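Open the structure in your viewer and keep the selection tool at hand. We will go from stop to stop, and at each one you will hear what to select and what to look for.

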Amino acid sequence: MYRFVKILNKNMKLENTKAQMRKGVLEFCILSVLEPKDAYVAEILETLKDAKMLVVEGTIYPLLTRLKNSGLLQYRWEESPTGPPRKYYGLTESGKLFLKELNTTWNALQSAVSIVTQNQTKQ
Amino acid sequence: MKKTISINLAGLFFHIDEDAYNQLQNYLAAVKRSMQNEQGTSEIIADIEARIAELFSERISSSQQVITSKIVEDIINIMGQPEDYNIDDENHNNTTDEHTNNTNKRLFRDKENAFVGGVSAGLGHYFGIEALWVRLIWILLVFGLGTGVLLYVILWCLIPAANTTAEKLSMMGKPINITNIEEQVKEGFGNVKEHLDKVTEKVKQQDLNALQNKSRSFFEALSSFLSILFKLFIKVIGILLIISGVFAIITTTISFFTLGIFGVTVPGIEIESLINTTSVPLWWMTVVLLITVIIPPLFIVFLGLRLLKTKSTFLNKKVRISLFVIWSIAVLHLVVFSVLQLVDFKEKAYVKKINELPVTQNDTLFLEMSKNATYTKLTYRDLFRSDDFKVYRDDNQNQLIYGSNIRLIIRSTNDSLGSISVEKSSRGKTYELAKERAENVQYGYTFDENTLKLDSYLTTDIAHKFRDQGVEVIVTLPKDAVLYANKNTYTFHRNYDIHQDLLKNGEEEHFLKVKSNTLECLDCKN
């Protein structure tokens, strides 16, 4: 999240800002998607795209690997009925804790942002 | 119709159009580059490939269907541009910014466009001019006391080679961002596979030679220097070959044209038919000869170009083979022709006739050569012995072969009376033919008032053809006779010792007294 804020301060171009906002919360979204059950990439992508969280798919791959490398995610191979085995991602214990932290931060942030923006519109 | 390629993408089998394949591979390479700072790139790429495979199989109904470039474009739209894979992270952003701002060119050696070491190409990029001009300056400097060579070697050592894409871009002066890198990758796509193969080979080698790494780098540098030196040497040889080849082509062409103008085409007279034993016309033989001598220099030029450039469009393979076949046929033709020609000159026959010459002791014999009245109108070259022959028409319009292969020999005898021997000779396929020709040689002399006038020429009918016809005249004089030889006998008695000619060149126009086997000059100033 600190990254998100920092980026907001840094690049003030609209397109950039939009992309950065989206990308910044993407990690949070991925972890959220994986909270109820494990999923393979296509399923994660489907959820994110339905929510218009993601425009192009490419962004997710480096993120997944990075989350996995930092120990928040793990994956296992599972046979698929149609093709080669699939990578099923799931949260690790530390991933679950991390997500909890993020949830609180996000809620706080969200209310803070809405308060600020509402105040602005009232004025 | 399109060529397709079978690929294995994440364990799934696909038929893919060649252009679509290139597009896809290009895309993956660009993606890979955009994630250079990322950890575990190969794992990410594997995931991406798996996803692309999945998307492919969603888009085709059967395994027989081919992946087109349209499908690949769709996939790229879904997956995103290479930039989209780049997760914003502070460090990366900073470096990108730095590079983007730093559009200043840097000087690198351009090994891809190198002629020798890539210095000229690099300088060309740096100053924004064609490398050709830089090379021309080098050549001028080489002639200027060779400073160019030294300077070149120094620059070669000092300027680093542009190896990475980033270096290549800053060499060209383009800002380093992903679009440009992608463009660069696209440009070099043809070499990508080759390059990758080389890299894997190198890596393998490095594993094997891990222990020898230190010494290896030194020897690698040395050997690369030597190999470049060798390449330079090869190129110099190539230039020399091209120059000499072109020179040979030009000179032979010119000589053939002049030969055609002055040597062979005498109007109205077909000389070739006199030598030619076959029915092949002369122009044909000329063409055959021209082919025989002009094709080898063409190959020399080709070889030179080959040494300068690995691929030369000057002569393609089919042309080369055809030229070689034509050349072989021409050579064979010449060989057959020569053999036939030699066969017709195989046998030599002589016909000898000896007559008395009324010259006795103390008589003085005046000896001179006489011209042919008709023929001397046609040429300045009379009274001169030669193996050459000409054709002329006599007063009755008969075509005659005119030759001046007359050998004059003076000898002495113990008899009281002199003699003259006329020996005609000719060649032919058989002895009989040769003898017939010899008998048909027309040669005459007159003796009047102590003056012996020898024909300076022989003639024969054109039907007998030119077969090395010749006449040997031996004038035998009794001892104590006196010989006075006209100056015009000079070339006719220019003989080797083997002919036992008493009259020596330079003794003309003197009164010479005949002794046994020698002539004594009566009026020479000592």
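Begin where chain A and chain B touch: 18 residues of chain A and 21 residues of chain B take part in this contact. On the chain A side, select α2 (14-33), α3 (41-50) and α4 (60-69), the elements that give two or more residues each to the side touching chain B. Which of them gives the most? It is α4(A), with six residues. Colour this side of chain A by class and you will find nine nonpolar, six polar and three charged residues.

Keep in mind that this is a predicted model. For the complex, the predictor gives an ipTM of 0.76 and a pTM of 0.41.

**Chain A on its own**

Now hide chain B for a moment. Chain A has five helices and three strands, and along the sequence they follow the pattern α-α-β-α-α-β-β-α. Of its 123 residues, 23% count as buried. Among the contacts in chain A with a separation of 6 or more, 45% are between residues 24 or more positions apart.

**The largest nonpolar core**

Bring chain B back and select A:L64, B:A20, B:I52, B:F56, B:I67 and B:V72. In the largest nonpolar core, which has 41 residues, these six touch the most other members. Both chains contribute: α2, α3, α4 and β3 (86-91) of chain A, and β2, α1 (18-34), α2 (41-59) and α3 (69-79) of chain B, each supply at least two residues. The element that gives the most is α1(B), with seven residues. As background, nonpolar side chains tend to be buried together in soluble globular proteins.

Zoom in on B:F56. Which residues does B:F56 touch, leaving out those up to four places away in sequence? They are B:L9, B:F14, B:I67 and B:I71.

**Along helix α2 of chain B**

Select α2(B) and follow it from end to end. The helix has 19 residues, and from its first C-alpha to its last it reaches 27 Å, close to the 27 Å expected at 1.5 Å a residue. Its buried residues are B:I44, B:D47, B:I48, B:A50, B:R51, B:I52, B:A53, B:E54 and B:F56. While you look down the helix, recall that an α-helix has 3.6 residues a turn, so residues three or four places apart point the same way.

**A sheet of three strands**

Move on to β1, β2 and β3 of chain B. These three strands form an open sheet in the order β1-β2-β3, with mixed pairing. At the edges are β1 and β3 (66-67), each pairing on one side only. The strands β2(B) and β3(B) run parallel and are joined by two bridges.

Between β1 (4-9) and β2 (12-17) of chain B is a loop, and B:A10 sits in it. B:A10 is not a glycine, yet its phi is positive, about 50°. Most residues other than glycine have a negative phi. Is B:A10 buried, exposed or partly exposed? It counts as partly exposed because it has 17 C-beta neighbours inside 10 Å.

**A hairpin further along chain B**

Jump to β10 (445-448) and β11 (451-455) of chain B, with B:N450 in the loop between them. The two strands pair in the antiparallel sense over four bridges, and B:D448 stands opposite B:T451 in β11(B). Together β10(B) and β11(B) form a hairpin with two residues between them. In the turn, B:E449 has a positive phi of about 50°, and B:N450 also has a positive phi, near 60°. B:N450 counts as partly exposed because 14 C-beta neighbours lie inside 10 Å.

**Where to look with care**

For the last stop, colour chain B by pLDDT. Its mean is 78, and 78% of its residues reach 70 or more. Over residues 89-102 the pLDDT is below 50, and this stretch has eight contacts beyond near neighbours in sequence. Residues 261-269 of chain B are also below 50, with five such contacts. Where pLDDT is low, the predicted coordinates should not be read in detail.

Methods:
Residues are numbered from 1 along each chain as its sequence is written. Chains are lettered from A and ligands numbered from 1 in the order in which they are written. This is a predicted model: local features need pLDDT of at least 70, side-chain atom pairs count only at pLDDT 80 or more; totals for chains, interfaces and linings use all residues. A residue is buried if 20 or more other C-beta atoms lie within 10 Å of its own, exposed if 12 or fewer, and partly exposed in between; C-beta atoms are placed from the backbone. Two residues are in contact if their C-beta atoms, placed from the backbone, lie within 7 Å. Ala, Val, Leu, Ile, Met, Phe, Trp, Tyr, Cys and Pro count as nonpolar, Asp, Glu, Lys and Arg as charged, and the others, Gly among them, as polar. A nonpolar core is a set of buried Ala, Val, Leu, Ile, Met, Phe, Trp, Tyr and Cys residues joined through C-beta atoms within 7 Å. The expected span of a helix is 1.5 Å times one less than its number of residues. pLDDT is the predictor's confidence in each residue, from 0 to 100. Two strands pair if DSSP finds at least two bridges between them.
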